[in-house]
Amino acid sequence: MKTIFNLKQYVILLVAAFAMTSCLDSDDPAFQVAGTGYVIQTISEQTASGEEEATITSRFTPIILAGANEPMTKCSVKAPGGESILMTQLDGYSGITWVSNTSYGSEMDKLPSGTFSITAYNQEEEPAQGVAVINNTTEMKAKLKGDVEFKDSKITATFNKVEGATDYLVMIKKSRSSIFYTSIAVAGYSATELEKANWTVTIDESTYSSKVASLEAGSYYLTIAAAVSSSSGLVLYQESEAHDDFAKN
């Protein structure tokens, strides 16, 4: 399957971008900001009376991650269509990383793609301009259902085929509302791999232990997801309503 980056890898890529730019042009401003992003697809199904096939409706929420080489006191983003995306500081990164605030309802009717404009200010109120690009793709055509269970230190996940998805993921999150960047992709599969496994996989502790080593002891939210990814990372993400508790000892 294609590589699915985690938050630390994205931050490293952003820092590397600043370093490369500085080497190429010494006239670049000292304060710089850059970004990356993906889109959450939320699918609802509704079956009319007397009909067998459900009508699928999708909503799309862009998630933008902005990183700067200095702490930001303000950060705002404009979507390609002109919509404003509210941003908030990401805990634990001393203000250098901000992310979309999904608490204020930034859903869209159509799948957004293109260049998202970022405006940031540092502690001296100096501005910086940057962009995040979300690659164009087609939306997924089915709702991810399946199931997931954590029992006897093993994770068992069952998927259904989702037209348009390139990757299927098992995710551990701090809470249901946690976004991909702050969650852990325990395992990832292509449709071909899942077909060979009859769409059910079991992950034992020896396989996932290294992925969750950084987590503090406690209870977490376990779920599955379908995604569209490119060579540069995640593009489109759909999470199942199926979930279970995951215990880290």
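In what follows, a residue is called buried when its relative accessible area is under 20%, exposed when that value is over 50%, and partly exposed in between, with a 1.4 Å probe and protein chains only. Good morning, colleagues. The structure is a predicted model, in which local features need a pLDDT of at least 70 and side-chain atom pairs count only at pLDDT 80 or more, while totals for chains, interfaces and linings use all residues. Residues are numbered from 1 along each chain as its sequence is written, and side-chain values use heavy atoms, with hydrogens and water left out.

I begin with the salt bridges. The term denotes a side-chain nitrogen of Lys or Arg within 4 Å of a carboxyl oxygen of Asp or Glu. Side chains of opposite charge can pair when their charged atoms come close. By this rule, there are seven salt bridges.

One of them joins Asp 109 to Arg 59, with 2.0 Å between the closest N and O atoms. These partners lie 50 residues apart and link distant parts of the chain: Arg 59 belongs to strand 2 (residues 55-68), and Asp 109 to the loop between strand 6 and strand 7 (114-122). Helices here are DSSP runs of H or I with at least four residues, strands are runs of E with at least two, and both are numbered from the N terminus. Asp 109 is exposed, at 59% relative accessible area, whereas Arg 59 is partly exposed, at 28%.

Next, Glu 241 and Lys 143 form a salt bridge of 3.2 Å, N to O. Glu 241 sits in strand 15 (residues 233-248) and Lys 143 in the loop between strand 8 (127-134) and strand 9, 98 residues apart. Is Lys 143 buried or exposed? Lys 143 is buried, with a relative accessible area of 17%, while Glu 241 is exposed, at 51%.

Lys 161 also takes part, pairing with Glu 195 at 3.6 Å between the closest N and O atoms. This pair links the loop between strand 10 and strand 11 (167-173), which holds Lys 161, to helix 2 (residues 191-196), which holds Glu 195. Lys 161 is exposed, at 54%, and Glu 195 is partly exposed, at 39%. Through shared partners, salt bridges join Arg 59, Glu 107 and Asp 109 into one network.

I close with the backbone. Ser 94 is not a glycine, yet has a positive phi of about 55°. Ser 94 lies in the loop between strand 5 (87-89) and strand 6 (97-100) and is exposed, at 64%. Asp 152 likewise has a positive phi, near 55°. Its loop runs between strand 9 (147-151) and strand 10 (154-158), and Asp 152 is exposed, at 66%.
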